[in-house]
Amino acid sequence: MTLHLPDADGTVRAYEPRTDPLALGTGSAFTSRTVFSAAHVVADPYADTTPDGPAAVDWDATLAFRRHLWSHGLGVAEAMDTAQRGMGLDWATAAELIRRSAAEARTCGGRIACGVGTDQLTTTTGTTLAEVRAAYEEQLAVVEESGAQAILMASRALAATAQGPDDYLEVYGHLLRQAAEPVVLHWLGPMFDPALQGYWGSSDLDAATDTFLEVIAAHPDKVDGIKVSLLDARREVDLRRRLPQGVRCYTGDDFNYPELIAGDEQGFSHALLGIFDPLGPLAAEAVRVLDTGNTEGFRALLDPTVALSRHLFQTPTRYYKTGVVFLAWLAGHQSHFTMVGGLQSARSLPHLARAYELADQLGLFPDPKTAEERMRTLLSLYGVDQ
């Protein structure tokens with residue numbers, strides 16, 4: 001059946017949805033790469049909330065989605081940017097999410113790593129480094145007590161408080177010394193969060209990279225790996241070649257992930273990606289092909305997904321979560337298109353229509369008819385005649 005999809009120029013055009021999904025089964029863990037999907041949260045659509053109030057989460061649907069990812073062999077990166085940390089998910093709810101997901105991981109035998117930040121801290125001109133460090137420590141304790149691996153996320157509070165590279169060295173050095181197990185260090189670029197401009201003490205990315213590497217070099221036994229989210233493939237390759245032996249690079253580049261995971265003669269990146277939330281089964285199938293040594297087959301499966309990823313992560317990049325949740329609704333992983341903080345309104349109807357089209361062409365929807373019906377309902381709500 002034909003859908004009439006709106007374009008950005010105000011016109012409406014006919015689109016014929018595909019009728020057959022891509023045939024993708026579940027599978028075991030991977031052997032050649034460590035792969036995490038950063039997972040979204042499912043909001044409670046019946047909660048009486050406001051955009052600046054505490055988050056209301058549908059725990060059953062949220063945990064069911066994590067089981068979906070684990071069933072395909074993917075690890076779950078929990079309470080990260082994709083879960084709307086700093087964009088609707090408050091720390092109290094994030095802590096509950098971490099505890100519940102870690103317990104679910106133990107039940108399912110799934111791999112999980114959880115975000116450690118400072119978002120419970122309200123930053124003022126009087127905020128001190130000691131307060132930033134204490135906020136990190138509080139969250140690190142929650143993650144470690146849950147039994148999950150810790151991901152030290154970039155901190156808005158640290159970016160606002162630090163006076164230069166030495167402050168980053170001091171705070172991260174303190175945290176790494178006390179971490180019980182090796183952690184993942186996360187460098188999130190300002191395209192994902194403008195408040196992180198100048199992270200690692202400089203807006204010069206070369207200087208910032210040197211500071212980042214200095215932190216790692218001082219504590220290589222406490223750093224499992226780094227997650228790089230700068231959307232700059234060349235910089236990521238250069239950075240991973242400078243890492244100490246045994247420290248992994250987890251790509252967070254949602255624009256260039258196939259080539260970075262495939263790697264070159266000098267190495268490769270593992271993955272910790274928000275785009276693997278909607279791409280989970282397809283991404284898992286691609287990595288299993290890569291496990292056999294078939295790089296061409298891996299690229300043949302994953303390269304066609306880049307157009308969808310670049311669309312979802314287009315400027316302003318931080319609103320990519322809207323497209324991720326939208327696709328989860330169309331795919332049947334949740335019963336509604338509602339987000340924490342009302343963020344479902346952050347992308348336009350033409351943007352969502354194009355996301356549907358690209359995902360449908362890839363065969364991502366397990367039930368194309370359900371996806372089509374839900375898309376038709378949304379279009380009708382916006383007044384687009386069908």
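## Terms and basis

A salt bridge here is a side-chain nitrogen of Lys or Arg within 4 Å of a carboxyl oxygen of Asp or Glu. The model is a predicted one, in which local features need pLDDT of at least 70 and side-chain atom pairs count only at pLDDT 80 or more, while totals for chains, interfaces and linings use all residues. Residues are numbered from 1 along each chain as its sequence is written, and side-chain values use heavy atoms, with hydrogens and water left out.

## The barrel

Eight strands close into a barrel, in the order S3-S4-S5-S6-S7-S8-S9-S10, and their pairing is parallel. Strands (E, at least two residues) and helices (H or I, at least four) are DSSP runs numbered from the N terminus, and two strands pair if DSSP finds at least two bridges between them. From one strand to the next, the twist averages 25 degrees; axes are lines fitted to C-alpha atoms, for helices over the stretch in contact, and angles run from 0 to 180 degrees between N-to-C directions.

One of the pairs is formed by strand S6 (residues 149-152) and strand S7 (residues 183-188), which run in the parallel sense and share two bridges. Leu-152 has Leu-185 in S7 as its bridge partner.

## Ile-112 in strand S5

Ile-112 belongs to strand S5, which covers residues 112-116. Its relative accessibility is 10%, so Ile-112 counts as buried; buried means under 20% relative accessible area, exposed over 50%, and partly exposed in between, with a 1.4 Å probe and protein chains only.

Contact means heavy atoms within 4.5 Å. Leaving aside neighbours within four places in sequence, Ile-112 touches Phe-36, Trp-70, Val-76, Glu-78, Ser-101, Ala-102, Ala-105, Ala-148 and Gln-149 by this rule. Gly-164 is 52 residues from Ile-112 along the chain, and the C-alpha atoms of the two are separated by 33 Å.

## Salt bridges

Side chains of opposite charge can pair when their charged atoms come close. The count of salt bridges in this model comes to 21. One of them joins Lys-321 and Asp-81, whose closest N and O atoms are 3.0 Å apart. Lys-321 lies in helix H12 (residues 320-330) and Asp-81 in the loop between strand S4 (75-78) and helix H2 (91-108), so the pair ties together parts that are 240 residues apart in sequence. Lys-321 is buried, at 1% relative accessibility, and Asp-81 is buried too, with a relative accessible area of 12%.

Other salt bridges lie within a helix. Arg-100 and Glu-96 meet at 2.8 Å, N to O; both are in helix H2, four residues apart, about one turn of the helix. Arg-100 is partly exposed, at 32%, and Glu-96 is partly exposed, at 29%. In helix H13 (residues 349-362), Arg-354 and Glu-357 are three residues apart, about one turn of the helix, and the closest N and O atoms of their salt bridge are 3.1 Å apart. Arg-354 is partly exposed, with a relative accessible area of 34%, whereas Glu-357 is buried, at 6%. Salt bridges that share partners join Asp-7, Arg-13, Arg-354 and Glu-357 into one network.

## Cysteines

A disulfide is a pair of cysteine sulfur atoms within 2.5 Å. A search of the whole structure finds zero disulfides. For Cys-108, the closest cysteine sulfur is that of Cys-114, at 14 Å, which is too far for a bond. Cys-108 is partly exposed, with a relative accessible area of 37%. Cys-249 counts as buried, at 3% relative accessibility.
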